[in-house]
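Trainee: I would like to learn how to read a structure such as this one, feature by feature. Could you take me through it slowly?

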Amino acid sequence: MSNQPGGDAAQLDLAHDAAAEEAARKAASKEAADTVLKAFGGVRGMIDMTLPGLVFIVTYNLTHQVSTSAWAALGLSALFVVARLAKRETIQHAFSGVFGVALGAWISMKSGKAEDFYLPGLLWNVGYCIALAVSALVRWPMIGVMLGPITGEMFTWRKENPGRLAAYTRATWAWVAIMGLKPVILFPLYFTHNVNLLGWLKVALGIPPLLLAMYVTWQILLKAPPPIKAPLDEEEPAE
């Protein structure tokens, strides 16, 4: 025990401050993780984007029919959309998935080449990385544009929160580097016409890079200044 007056009270205050700081750190960590996960569709969104490609390559190995494999993948994507609609969930990620699968199915059935099923996804990856890089260069980092509405800050990070802008810019460049590995690895395989290797690697490179990019974003946001909430529009008085 302390022999100085008020020593116990000071120690209690320090302990309370430390506990409050730890609680705030955990809350910030959870908020950052939840924000990143929600922005990219969560676990369900990743499944929606990955399984149709898996179904395509499995069906192709069983049947050696491009059209059958394409319809199987498209049917699964459509089922995901119907399931989300039935549960009144957002269909953003499921719908974007079914659109990509439908385009890949159409191209592969037209050409008769199974590897063409993956062509739209590969082109999308290239375009996505280019868009990420351009957004960072013009100081409108895409990660900030995506996360701002979720955190409630909207675009206050551009003018009012320079530390947050820097964090979103770093996160966006991290996405360019990580997600850019996919087309670098997969595009050469597309031109070899090795459908099996292309298909299985496409599935294998679906979720892990996404999880890594999300983890890096989460780590960057943990060290960033807290978001400045955007002011809400005042409701007009009822007449």
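Predicted model: local features only at pLDDT ≥ 70, side-chain atom pairs only at ≥ 80, totals over all residues.

**Reading a helical chain**

Mentor: At 48% relative accessibility, His-193 counts as partly exposed.

Trainee: Which other residue has a positive phi in a loop, and what is its value?

Mentor: Met-154, a residue other than glycine, has a phi near 55 degrees, which is a positive value. Met-154 is placed in the loop between helix 6 and helix 7, and it counts as partly exposed because its relative accessibility is 36%. A further case is Arg-139, which takes a positive phi of about 65 degrees just after helix 5.

Trainee: Stepping back to the chain as a whole, how many helices and strands does it have?

Mentor: The protein chain holds 11 helices and zero strands, so that, read from the N terminus on, its elements run α-α-α-α-α-α-α-α-α-α-α. Of its 239 residues, 40% count as buried. If we take the contacts between residues at least 6 apart in sequence, 69% of them join residues at least 24 apart.

Trainee: How should I read the length of a helix, for instance that of helix 5?

Mentor: One sets the span between the end C-alpha atoms beside the span expected at 1.5 Å a residue. Helix 5 has 19 residues and reaches 27 Å from its first C-alpha to its last, which is close to the 27 Å expected.

Trainee: How is the packing of two helices described?

Mentor: Two packed helices are described by the angle between their axes and the distance between the axes. The axes of helix 5 and helix 8 come within 9 Å and cross at roughly 155 degrees, which means that helix 5 is roughly antiparallel to helix 8. The crossing is left-handed. On the side of helix 5 the contact involves Tyr-128, Cys-129, Leu-132, Ala-133, Ser-135, Ala-136 and Leu-137, and these meet Thr-169, Thr-172, Trp-173, Trp-175, Val-176 and Met-179 of helix 8. By class, this contact has 10 nonpolar, three polar and no charged residues.

Trainee: How far apart are Tyr-128 and Trp-175, in sequence and in space?

Mentor: Tyr-128 and Trp-175 are 47 residues apart in sequence, while their C-alpha atoms are 9.7 Å apart in space.

Trainee: At what angle does helix 8 pack with helix 11, and which way is the crossing handed?

Mentor: Helix 8 (residues 162–179) and helix 11 (residues 207–222) pack at an angle of about 160 degrees, with their axes 9 Å apart, and helix 8 is therefore roughly antiparallel to helix 11. Their crossing is right-handed. Among the residues that make the contact are Arg-164, Ala-171 and Ile-178 of helix 8, together with Leu-210, Ala-213 and Thr-217 of helix 11. By class, the contact has 15 nonpolar, one polar and two charged residues.

Trainee: Where do helix 5 and helix 9 meet?

Mentor: Leu-119, Leu-122, Leu-123, Asn-125 and Val-126 of helix 5 meet Lys-182, Pro-183, Leu-186, Phe-187 and Tyr-190 of helix 9. This contact has eight nonpolar, one polar and one charged residues. The two helices pack at an angle of about 145 degrees with their axes 10 Å apart, and the crossing of helix 5 and helix 9 is left-handed.

Conventions:
Residues numbered from 1 in each chain as written. Heavy atoms only, no water. Axes fitted to C-alpha atoms, helices over the stretch in contact; angles between N-to-C directions. Helix = DSSP H or I, 4+ residues; strand = E, 2+ residues; numbered from the N terminus. Parallel < 35°, antiparallel > 145°, perpendicular 65-115°, else oblique. Left-handed = near helix turned anticlockwise from the far one by under 90°. Contact = heavy atoms within 4.5 Å. Nonpolar A, V, L, I, M, F, W, Y, C, P; charged D, E, K, R; others polar. Buried < 20%, exposed > 50% of the residue type's maximum accessible area, 1.4 Å probe, protein only. Expected span 1.5 Å × (residues − 1).
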